[in-house]
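User: I have a model open and would like to know what the terms used for it rest on. Could you take me through them?

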Amino acid sequence: MTHTKHPGLELTRRRFLAGSAALGGSMLLPGLMNTAWAAGSDAPEKKEIRVGFIPLTDCASVVMAAVKKFDEKYGIKIIPSKEASWAAVRDKLLSGELDAAHVLYGMVYGLQLGVAGPQHDMAVLMTLNNNGQAITLSNQLKQAGVTDAAALKKHVDASAKGTYTFAQTFPTGTHAMWLYYWLANAGIHPFDDVRNVVVPPPQMVMNMKIGNMSGFCVGEPWNQRAIAENIGFTAVTTQEIWPDHPEKVLGTTGNWVAANPNSARALTAAVLDAARWIDSSDANREETARVVAGRAYINTKPEVITGRMLGQYQNGLGKSWQDAHAMRFFHDGEVNYPYLSDGMWFLTQHRRWGLLSAEPDYLAVAQKINRIEIYKQAASAVGGVNLPGSDMRASTLFDGKRWDGSNPAEYANSFSLKR
């Protein structure tokens, strides 16, 4: 019988044996050959890695990498660190208090260009999830007959400018961009026609309950929580806006990757391994929901998380469905690849809404931030992870616009509503 060796594992084996020979064989310890990228010249520079997260369902692969000890396979220990807001995540990443974080895609790009805080060279190691966010409108709007974007447009037009307040989670973040895109598609200017405020995800429901906002865009479980507490309903899911859109990433600073390339690879491999485990069965998703619902993580009832984790949606208006594009963490590796076009899309929206005063070099920025080679090495270490044939991917959003990264400046300037 012949055996085909996985190229990544074979490379690890050769490097391990070379390191062992250099040390007179002293590295050949029982069981160590099963630990990829953990020995010799490939040993992680930093063994304990502090990874920030916000209490959201899509922090799951970071949390489960630690809880299920996927990190140990790659010679590291992940220490999840619960943070209060995206601004806190940003500040702690830049100060070095956090090594890496579950973070908004658009925040990383905004920091690279100095529009989300002090300019820093940043790095995206992998995409953590696709889909799974939503825009929630208040029950007061529902009682006024507003259940969709068209009805909202009529109410906004009939009211004084700024009557309605909408919240997102960070100025250059993903939720801001989904909210602006949805409002603008309905003919509502997100800056001129309504008030726009920033609220940390765990505070969204409470603020809507006391009347501080008419709508918000946030990740789960806070949209489902608004329904459970009977204060709002899901007007649209973000996967309806862009099926299989990029969302959170595993982000860090360029300096951290430069100082800790092996740790960056090991961290990426551990989280990627956990993502595959989560997506491999409904039972694993249910276990994940129970774990992340705990006080140390999201601090909510598991049932608020589980339904939408399984793609079982109710919108609070009487509609129920099994969502074909619910939150995904792995999906045969399609989720996790750090496509250049994904990062570039956020730049087009930053430009559209006046966050960038001039056209950036879209491709060059994405190539600097998205660490594709580290991701490929991590995927090889994990084994059995499919890699795409291109660093770009094509998508069609709900307004019929096609995005493939081929002409970002033209795309950014193609919208009738902009700033």
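Analyst: Happy to! Let's begin with cavities: on a 1 Å grid over the protein atoms alone, a cavity is a set of points where a 1.4 Å probe fits but cannot get out, and lining residues have an atom within 4 Å of a point. This is a predicted model, where local features need pLDDT of at least 70, side-chain atom pairs count only at pLDDT 80 or more, and totals for chains, interfaces and linings use all residues. Residues are numbered from 1 along each chain as its sequence is written, and side-chain values use heavy atoms, leaving out hydrogens and water.

User: Which residues line the largest cavity?

Analyst: Thr 57, Gly 132, Glu 220, Pro 221, Gln 224, Val 304, Ile 305, Arg 308, Met 309, Tyr 313 and Met 327 do. The largest share, 4 residues, comes from α15; helices are DSSP runs (H or I, at least four residues), numbered from the N terminus.

User: What makes residues of helix α14 count as buried?

Analyst: Buried means under 20% relative accessible area (1.4 Å probe, protein chains only). In α14, residues 282–292, the buried ones are Asn 284, Arg 285, Thr 288, Ala 289 and Val 292. They cover an arc of only 145° around the axis, so they sit on the same side of α14; the arc is that of the directions from the helix axis to the C-beta atoms.

User: What do the buried residues of α14 pack against?

Analyst: Their partners are α2 (60–67), α13 (261–279) and α15 (302–309), with contact meaning heavy atoms within 4.5 Å.

Key: Buried < 20%, exposed > 50% of the residue type's maximum accessible area, 1.4 Å probe, protein only. Helix = DSSP H or I, 4+ residues; strand = E, 2+ residues; numbered from the N terminus. 1 Å grid on protein atoms, 1.4 Å probe; cavity = no way out; pocket = protein on both sides within 12 Å on 5 of 7 lines; lining within 4 Å.
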